[in-house]
Amino acid sequence: MPPTLMLPFPDRSLRPYALRASAGFAPPRAPLRSRVFFAAAHVVADPLADTTPVSPPALDWDTTLAYRRYLWSLGLGVAEAMDTAQRGMGLDWTTARELIERSVAEARAVGGMIACGAGTDHLPLRPDLSLDQVEAAYLEQIEAVERCGGRVILMASRALAACARSPDDYARVYGRLLSQVREPVILHWLGDMFDPALAGYWGSHDLDAAMETALAIIHEHAAKIDGIKISLLDAQREIQMRRRLPPGVRMYSGDDFNYPELILGDDQGYSDALLGIFDAIAPAASAALQALDADDPERFRAILEPTVPLSRHIFQPPTYFYKTGVVFLAYLNGHQRHFRMVGGQESARSILHLARLFILADQAGVLCDPDRAVARMRIVLALAGIEE
């Protein structure tokens with residue numbers, strides 16, 4: 001008999017829910033090759049540290065790094081110290097730098113693919129902020145990533161969004177940065193649904209105009225750009241931009257709503273992926289890419305399309321609280337022994353949200369051990385005063 005538990009619903013009722021069997025996705029037997037897949041990885045808080053939502057974070061380093069080894073074992077790359085790791089929402093630059101150093105060393109030890117976020121989040125947002133200060137802050141973080149042997153993801157900057165006055169200011173800053181990086185970088189365009197402080201990025205609130213500025217920068221500096229990740233939750237805009245990229249510059253989908261169709265692509269191209277949802281559905285993402293490697297697009301769709309309702313739920317507005325759902329799934333699947341987060345972000349979603357997430361994760365086949373998932377869900381329900 002499948003395990004069953006009582007779950008709350010929006011009408012305030014409690015109803016029994018019987019789980020399905022786990023999909024049992026198998027790890028790859030050979031390196032994955034059809035697409036480049038990065039999972040933006042979360043961090044695991046130290047539950048015994050005496051911290052507050054506004055104090056410097058404390059990480060459980062062993063468990064955090066173990067999860068990265070798990071992602072590598074599935075053939076995925078790790079996008080380190082990105083917004084999924086609560087960068088700018090609890091993870092400060094000092095801790096992020098140590099995280100990058102530790103993760104790059106782990107990647108080197110196991111042969112894992114890794115790219116690391118470099119931004120300006122250590123720079124205080126003051127009214128007199130200048131472009132020179134933004135450039136210097138970026139270069140400090142770039143140097144830290146490169147010094148330990150990491151590959152750079154040039155993160156969107158709140159500081160640049162705050163002080164830039166025109167598209168030319170973006171062209172100036174990115175031009176200087178790209179002229180100094182050692183190896184081609186991944187650019188990062190994060191929509192304001194993920195971070196309201198990034199509204200108007202690339203110098204315009206008009207997304208068509210913003211895209212023109214980004215494309216002009218990419219074409220001018222194509223030799224220093226591996227690709228661009230865009231997270232606008234707009235499939236058509238991603239496709240339009242993808243078709244206008246210079247040869248050799250990848251489009252890394254950051255669209256957590258439409259990723260199956262964007263990755264599968266069309267007769268004019270496809271997107272690679274750098275996604276937060278791949279942290280949560282890593283076995284399914286790996287199995288889907290294995291299907292592409294086997295030239296089986298129907299199986300690719302059959303694996304990934306059931307995960308889309310789950311991803312849309314996790315990334316529902318306020319979208320920037322999606323990290324709570326990602327960590328919750330890691331807890332349900334036994335990758336960490338607690339449901340605690342840096343900055344107390346485990347409280348950012350309601351028990352109704354988590355109950356619906358549980359159902360959608362089961363329907364997507366990404367609960368690895370249904371019995372364990374039920375036992376852990378009962379603990380979370382009991383904390384909300386719901387007991388069978």
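How many strands make up the closed barrel, and with what pairing? The closed barrel consists of eight strands in the order 3-4-5-6-7-8-9-10, with parallel pairing. Strands of a sheet pair through backbone hydrogen bonds, either parallel or antiparallel. Two strands are taken as paired if DSSP finds at least two bridges between them. Helices (H or I, at least four residues) and strands (E, at least two) are DSSP runs numbered from the N terminus. On average, and with direction ignored, neighbouring strands of this sheet are turned by 30° against each other.

The model is predicted, so that local features need pLDDT of at least 70 and side-chain atom pairs count only at pLDDT 80 or more, whereas totals for chains, interfaces and linings use all residues. Residues are numbered from 1 along each chain as its sequence is written, and side-chain values use heavy atoms, with hydrogens and water left out.

Strand 3 (residues 37-40) is joined by three bridges to strand 10 (residues 272-275), and the two run parallel. In this pairing Phe37 stands opposite Ala273 of strand 10. Strand 3 also pairs with strand 4 (residues 77-80) in the parallel sense, again over three bridges, and here Ala40 faces Ala79 of strand 4. Phe37 and Ala39 point one way from strand 3, while Phe38 and Ala40 point the other way; all are buried (buried, under 20% relative accessible area; exposed, over 50%; partly exposed, in between; 1.4 Å probe, protein chains only). Together with helix 1 (residues 61-73), strands 3 and 4 make a right-handed β-α-β unit. A crossover is right-handed if, with the strands pointing away from the viewer, the path from the first strand over the helix to the second runs clockwise.

Axes are lines fitted to C-alpha atoms, for helices over the stretch in contact, and angles run from 0 to 180 degrees between N-to-C directions.

Helix 10 (residues 282-293) and helix 11 (residues 297-304) pack at an angle of about 170°, with their axes 7 Å apart. Helix 10 is therefore roughly antiparallel to helix 11 (angles under 35 degrees count as roughly parallel, over 145 as roughly antiparallel, 65 to 115 as roughly perpendicular and the rest as oblique). Ala284, Ala285, Ala287, Ala288, Ala291 and Leu292 of helix 10 meet Arg299, Phe300, Ile303 and Leu304 of helix 11, contact meaning heavy atoms within 4.5 Å. The residues of this contact comprise nine nonpolar, no polar and one charged; Ala, Val, Leu, Ile, Met, Phe, Trp, Tyr, Cys and Pro count as nonpolar, Asp, Glu, Lys and Arg as charged, and the others, Gly among them, as polar.

Thr213 lies in helix 6 (residues 207-220) and is buried, with a relative accessible area of 13%. Apart from neighbours within four places in sequence, Thr213 is in contact with Pro167 and Trp202.

The loop between strand 4 and helix 2 (93-110) contains Ala81, which has a positive phi of about 55° although it is not a glycine. Ala81 is buried, with a relative accessible area of 0%. Gln86 is found in the loop between strand 4 and helix 2; its phi is near 65°, a positive value in a residue other than glycine, and Gln86 is buried at 2% relative accessible area.
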